[in-house]
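Here is a walk through one structure, domains and charged pairs included. Have the sequence and the 3D view open as you read.

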There are 2 protein chains.
Amino acid sequence: MNVGFIGLGIMGKPMSLNVQKAGNTVYAYDYHMERAEELIAAGGVTCSSGKEVAERADVIITMLQNSPNVEGALFDEGGVAEGLSAGKAVIDMSSIAPLASRDFAERLEKLGVDFLDAPVSGGEPKAIDGTIAVMVGGKPEVFAKYEELLKTMSSTVTLVGGVGAGNITKLANQMIVAINIAAISEAYSLAKKAGVDPENVYQAIRSGLAGSTVMDQKSEKIFKGDFTPGFRIELHIKDLQNALDTSHGVNVSAPFTSLAMEVMQSLKVNGHAKDDHSGIAEWYEMVNNFKLQ
Amino acid sequence: MNVGFIGLGIMGKPMSLNVQKAGNTVYAYDYHMERAEELIAAGGVTCSSGKEVAERADVIITMLQNSPNVEGALFDEGGVAEGLSAGKAVIDMSSIAPLASRDFAERLEKLGVDFLDAPVSGGEPKAIDGTIAVMVGGKPEVFAKYEELLKTMSSTVTLVGGVGAGNITKLANQMIVAINIAAISEAYSLAKKAGVDPENVYQAIRSGLAGSTVMDQKSEKIFKGDFTPGFRIELHIKDLQNALDTSHGVNVSAPFTSLAMEVMQSLKVNGHAKDDHSGIAEWYEMVNNFKLQ
């Protein structure tokens, strides 16, 4: 298959390589074309614009930072839409606002072009291994057509609903992760200041109802004060902003997400934007004037 | 061993039976002595007061609702303290305020009496099976002396720190559980109102970083709107009140716990006090005027 790929960042670069290695030809575009070196070595082809990508490929994948970046890549001058023709498809694998996904799908439908939103979870190592999870929103028949392609990048590809459902699911995931990190940080802060070793608390409760993947993956980082990312607070802020905008857009009040957002904003203001999101624990240290370690 | 047991409620009754069945003699007291029927049939002995329990037993277990109940049982007229003598011990297995545990320990120490706080997690079925988890605070040598006794009621007995540490750990557990339930309820509310089946969201994210025991044990109840307890909101309110009092007592700001408390208070006001704590999902339905099912 001729596959377009726009956005060769930390995630997009290894993902596009996996598509190429699976026997497809990737037509790639990025503002920083030096990112395509490995892809070219593997047989990929670089293009000079999104328009050219869309002309040469049958399906175009976008992997960019947020809704405005995807909108620009698709609909700006020289962008993908100018090179599209009926029967082609766009798969946006970025994590963006689901209401934007629905808007893009409508605009592309008028060109006879199919659309899937297919955000991923899992970081760079899983993108390299091809073990990221992909949550897909779109029509079942479009999903069926591109499921094999998505599986060249992922071990778990799930159709969760119509267009936008992929990003709704991703936002639900990001809300829960942020709040669960806050929960353990708050509980460990109580323990520490009350004179109980948080690591003992972790060992005593991890097998019970309070147990979580966040607890098992982030407790050690918190106990060590090691907040190297992982997933950066500034990116999680973007996701929570989309989660809040979307919640309010569909008339859902989201107070725990709001609170998590305030905590992360406060961390950003205090120089922690590039820390791992487990750095939420640092907020508790800051406001309570103590150290968890 | 001669073991006193005060409080034969939903949890205390099966716990005291397990102590008796392990070859000890249980000396029991409860305001409702009809609760001791099975215990008597198994060879247990009933007493007419906490004082008599303390006179006849070497170690006295209390399993009551909250700090004031334990304080009353120990120190009121006719209570345990009047029957205690040096060398005996009190093990409070209630879930109470850890600062109260520390107070009780100090007052008992003056009588030459050892103290452990040893709250449990797990409900009635686990109390019957002897598979509750016990989190213990106290001196290591006192713990060593009564570890075998605690194991007659529990599959997992963990010493987590000095006196009060058991209840600190229990509160940490209850904070995390409440907040994690809110997290999934908020995320599922967004999904439902955005037109995505929350069950699809659950299936797509449960194996990733957002996964938790709360998610696996409570999602089905939320999807079905089945809030039969389980663990009642009114009891979780008690635990969160102790968590907030203790947090503030040791100078920790606990905003997520506060918010969970407000949500549960609002549920109580609206007639949901006896629902399972997964009924936090009902708060989202109430404030957003929709149904999750």
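**Salt bridges and a domain contact**

Glu71(B) is partly exposed, at 32% relative accessibility (partly exposed lies between buried, under 20% relative accessible area, and exposed, over 50%; 1.4 Å probe, protein chains only). Its side chain meets that of Arg107(B) in a salt bridge, 2.8 Å from N to O (a side-chain nitrogen of Lys or Arg within 4 Å of a carboxyl oxygen of Asp or Glu). Arg107(B) sits in helix α6 (residues 98-109) of chain B and Glu71(B) in helix α4 (residues 67-75) of chain B, so the bridge ties together parts 36 residues apart in sequence (helices are DSSP runs of H or I, at least four residues, numbered from the N terminus). Arg107(B) is also partly exposed, at 28%.

The model is predicted: local features need pLDDT of at least 70 and side-chain atom pairs 80 or more, while totals for chains, interfaces and linings use all residues. Residues count from 1 along each chain as written, chains are lettered from A and ligands numbered from 1 in written order, and side-chain values use heavy atoms, without hydrogens or water.

In chain A, Glu71(A), Asp103(A) and Arg107(A) form a salt-bridge network. Asp239(A) bridges to Lys238(A) at 3.7 Å. Asp239(A) is buried, at 2%. Lys238(A) is buried too, at 14%. Over all chains, the count is 28 salt bridges.

Now the domains. Chain A splits into domain 1 (2-161) and domain 2 (168-288), with bounds from an automatic or database domain assignment. Between domain 1 and domain 2 of chain A, the salt-bridge count is zero.

How values were computed:
Helices (H or I, at least four residues) and strands (E, at least two) are DSSP runs, numbered from the N terminus.
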